[in-house]
Every structure is written in structure tokens, then in C-alpha cells.
Amino acid sequence: MSRIEETQLPGVGVRHDFQTRAGPRVGVISHRTGRRELLIYSGSDPDACSEVLRLDEDEGHTLADLLGGTSVAEAAHEITQQVEGLAIDWVVVAPASGATGKSLAECGVRRETGATVVAVVRDGETVAAPGGDFVLKGGDTAVVVGTTEDIGQITSLLRGS
């Protein structure tokens, strides 16, 4: 994997750069707004860009998917391959499910399914390791870990199927 340099851009966001084997230096500016800029640096001037492609948040996610996903997703996949019997999945909570408006404890997520909710993504924000008092809302995405059977049970619970 190429070495990535990170530069904080106060009031803007963060820039990540790396040198490609073919020669051009490539960078991405991640703005606080979710917008991204893909930078191709000039070969003759390392501080100048020969090309800048501006992407909105959705376009940035699409490009990441086309390029093979994020290193986080790849790492999660590697972990599940290394730990026999462990599965990880992202489950969207259906607005009409019985889990909507209830805490994880009230739903009996762990007790009833054996799976563990390790994070919840809500409105683009991630809540890591939510406690039993965390209340689910329709549209939340629960990141769940367990056996394949556990994942099936929690999926049924959260989707209301």
C-alpha cells in the first residue's frame, strides 16, 4: 500500500496525498461539508495541480465504490475471513419495524438474537458502541456482528420481516 500523507486544512477539512508508481501524485481534499476534490498534481510543479475534479458527497461515495471500497470495509472483510464463524453486516432499521422507537435493551437485540450492535449510523453520523439505552429510529443503519444465524435473526428484528 502506498504511503498516504495527511494535511489538516483549517476551516476546510483534510487533504490526503500519495505518489503513484506511474509518476503522478494524487490527492483528495475532504471538505467538512462532505464535498471532495480529486487532485492530480503537475509533474513539473509539485505544489500545482494539472487537474481538479470536484465531487459532491454522493459522487465521492460512488467513486470509492468503483475503486474497490474503503480500507475500513476491506479490513472488516479480512477480519471476518480470519475469525471462523464471525459475520458483520449493515442492517437498515425499517420505520415500520417493532424496533423503531425502542432502545436496544427493550428490543432484546443481544438477548433475543445473540448479535451485537457495534455501531449505528444516523443522518451521516456514527455512534460507536451504543449502549442498551440507545433508541433506534427508522432509517438508522445498525452495524451488527455475530454468527450468520445471529445476523439473520437481528435482520428480521430490525427490518420487521
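A residue counts as buried under 20% relative accessible area, as exposed over 50%, and as partly exposed in between. Keep this scale in mind during the tour; the model on screen is a predicted one.

Start with the whole chain, coloured by secondary structure. It holds five helices and nine strands. Followed from the N terminus, the elements run β-β-β-β-β-α-α-β-α-α-β-β-β-α. Now show the surface. The accessible surface of the chain comes to about 10300 Å², and carbon and sulfur atoms hold 54% of that. Of the 161 residues, 31% count as buried. Among contacts with a separation of 6 or more, 41% are between residues 24 or more positions apart.

Next, select Asp 56. This residue sits in the loop between strand 5 (49-55) and helix 1 (57-66). Is Asp 56 buried, exposed or partly exposed? Its relative accessible area is 40%, so Asp 56 is partly exposed.

Which side chain of opposite charge is nearest to Asp 150? That side chain is Arg 110, 5.6 Å away. A salt bridge needs a side-chain nitrogen of Lys or Arg within 4 Å of a carboxyl oxygen of Asp or Glu. Asp 150 has no salt bridge, yet it is buried.

Last, display what surrounds Asp 150. Leaving aside neighbours within four places in sequence, Asp 150 is in contact with Thr 113, Gly 114 and Ala 115.

Definitions and conventions. Residues numbered from 1 in each chain as written. Predicted model: local features only at pLDDT ≥ 70, side-chain atom pairs only at ≥ 80, totals over all residues. Heavy atoms only, no water. Helix = DSSP H or I, 4+ residues; strand = E, 2+ residues; numbered from the N terminus. Buried < 20%, exposed > 50% of the residue type's maximum accessible area, 1.4 Å probe, protein only. Contact = heavy atoms within 4.5 Å. Areas by Shrake-Rupley, 256 points an atom, 1.4 Å probe, with all protein chains shown as cover. Lys, Arg positive; Asp, Glu negative; His and termini not counted.
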